[in-house]
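Please work through the following exercises with the sequence and the structure beside you, and try each task before reading its solution.

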Amino acid sequence: MSFLDWLVLGGTLLFIVGYGTWRTRRAGNSLDGYLLGGRQARWWGVGLSIMATQASAVTFLSLPGQAYADGMRFIQFYFGLPLAMVLIAVVAVPIYSRLGVYTAYEFLQTRFDRRTRTLAASLFLVQRGFSNGLSLYAPALVLSAILGWDTTLTVCLLGAVMITYTVSGGTRAVTVTQQGQMAVIFTGMVVAGYLLVHYLPAGVGFTDALHVAGRMGKLNLVDFNFDWENRYNFWTGMTGGLFLALSYFGTDQSQVQRYLSGQSITQSRLGLLLNGLVKVPMQFGILLVGVLLFVFYLFQPAPLSFNRPVYEQVRLSSAAAPEMARLEKEYALVQQAQQAAATALVAARRAQDVPTQAWAEQRLQTTQAAAAGLRSDWKALVQRTAPTADAKDTDYVFLSFVLRYLPQGVVGLLLAVVLSAALGSASSGLNSLGSTTVIDLYRPFTRRPPALCTDKHLVRVSRGATVGWGLLGIGFALFAARMENLIQAVNILGSLFYGTILGIFAVAFFQKHVHGRAVFWAAVVTQVATLLAFWLTDIAYLWYNVLGCFLVMGLAELGQRASPPGPLSR
């Protein structure tokens, strides 16, 4: 990177974090101030904080790569989100606000018992603690690729920064800094999309790029074919995606804490609705960047692998040299044919030459198949030469374009986007982990005399818990490279737990006659069944959110009918 890039990157991040820390330097004097920012957030601050919490660095590194390889169909994952925002605003927000809770799980003790509250809080802590590790690994991947640093060292360094930043200011610091982070994110992605179109060959415009992408099956926005094993179609988005959004935004403390900090019920509701209106177009834009990357690399040379560290490791192996030479030579010839076919397709479209369009499209598909075969040969070579290396490269596609093609200054801006997203998401996650630990596990079970269990003491415990969860996230981040595409890994991890958690809350909201013992054991059985289904079946992971929720509700109903309510332990 150039000096200008470092200046833009460092200046942007220092300003955002410094301004947020200065603005909130007195926010952590009380438990309410530290955990919920004194409940002073306005609707737009709530909405931006909700979006920043979900939009981790994984989103901006992995989602364009997902679209590059698989097209736009991932957008169906978000189809149920706007409806989920409306339902949460109507059902959950008034209850949480009326009770004045710090966490969503406090409500469960009011409705059921302490055991059910502890179970739900523990499930959240497990999945969010690990998810934070994935959010930490993504920016570490960026800096490792840029600076050539060891990934382990980079993870530890970023983790230390993340912990320090989060512990210092509490929720209000998180919210204030996320507003600046979202401004950088929106600006950076608009710039990236514009430059992608600008760098297309002369005579190839935005509509031409969309036409080529459509012909190659990348504009696969909606698929109405029902398939249990298909992760991304209309039905999984409107059911599994809806239930995942209901659980994530309605029961996950990292999100609930964002709108609990609103000034009023109205401010919290408006923040949720803002997220519902903006989130789908935002994700559409990020996926579109990935599709434009695909078209861009039809006209420009693409590397055999975007995973440059692994590529260099194999290239330097003398045993792999002959096979590498063959693959690179054949890949270059395929790319020349691919570029010629893409150029012919654009020219034929403009001339309205239907027969030539059909020929060029078929030729382009043939070259794509040949390129895919060579990349498969490359992955096999990686397995023989470096068995412990990871040959997957979709998470490197966008990063590779940024570093290779963007001008000085813009590289720093796009990297600021990734790191801003990482800080925003990870700080919210850590903040919520510390809050849940102190409110739902420490305070109900501590034997410390009430006179000594002051706000000051609880804030100190929360900060200590935040440090502990941060260290766990660092540990999990060191294993993240072994997982599949990061954006999918995050959602798979959430889906393994969210169905059960949502089921507990659904019983609390809608099955008023069910007692705590019935819902507790229903949740335990459902969680075990979900993990077994993940290991033993090929059901698309979004369905776990639906099946888990309804299984908890059904088993809780059966448990209620089988035994009368017993004494509750509040």
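**Exercise 1.** Find which helix gives the most to the nonpolar patch on the surface of this predicted model.

*Solution.* Begin by listing the members of the patch, which are W43, W44, L83, V86, L87, V90, L270 and L273, and which together have about 660 Å² of accessible area. Next, look for the helices that supply at least two residues each, namely α3 (43-54), α5 (81-99) and α12 (265-299). The most is given by α5, with four residues.

**Exercise 2.** Decide whether W43 is buried, partly exposed or exposed.

*Solution.* First locate W43, which has its place in helix α3. Then recall that buried means under 20% relative accessible area and exposed over 50%, with partly exposed in between. Because its relative accessibility is 33%, W43 counts as partly exposed.

**Exercise 3.** Describe the largest nonpolar core, and then the surroundings of I88.

*Solution.* The largest nonpolar core has 182 residues, and I88 is among those with the most contacts inside it, together with F60, Y96, L108, Y259, W378 and F505. Helix α12 provides the largest share of this core, 16 residues. If neighbours within four places in sequence are left aside, I88 is in contact with V93, A245, L246, F249, G250, Y259 and L272.

Key: Residues are numbered from 1 along each chain as its sequence is written. This is a predicted model: local features need pLDDT of at least 70, side-chain atom pairs count only at pLDDT 80 or more; totals for chains, interfaces and linings use all residues. Side-chain values use heavy atoms; hydrogens and water are left out. Patches are made of residues with over 30% relative accessible area and no salt bridge: like charges are joined within 9 Å, nonpolar side chains (Val, Leu, Ile, Met, Phe, Trp, Tyr) within 5 Å. Accessible areas come from the Shrake-Rupley method with a 1.4 Å probe; for residues, only the protein chains shown count as cover. A salt bridge is a side-chain nitrogen of Lys or Arg within 4 Å of a carboxyl oxygen of Asp or Glu. Buried means under 20% relative accessible area, exposed over 50%, partly exposed in between (1.4 Å probe, protein chains only). A nonpolar core is a set of buried Ala, Val, Leu, Ile, Met, Phe, Trp, Tyr and Cys residues joined through side-chain atoms within 4.5 Å. Contact means heavy atoms within 4.5 Å.
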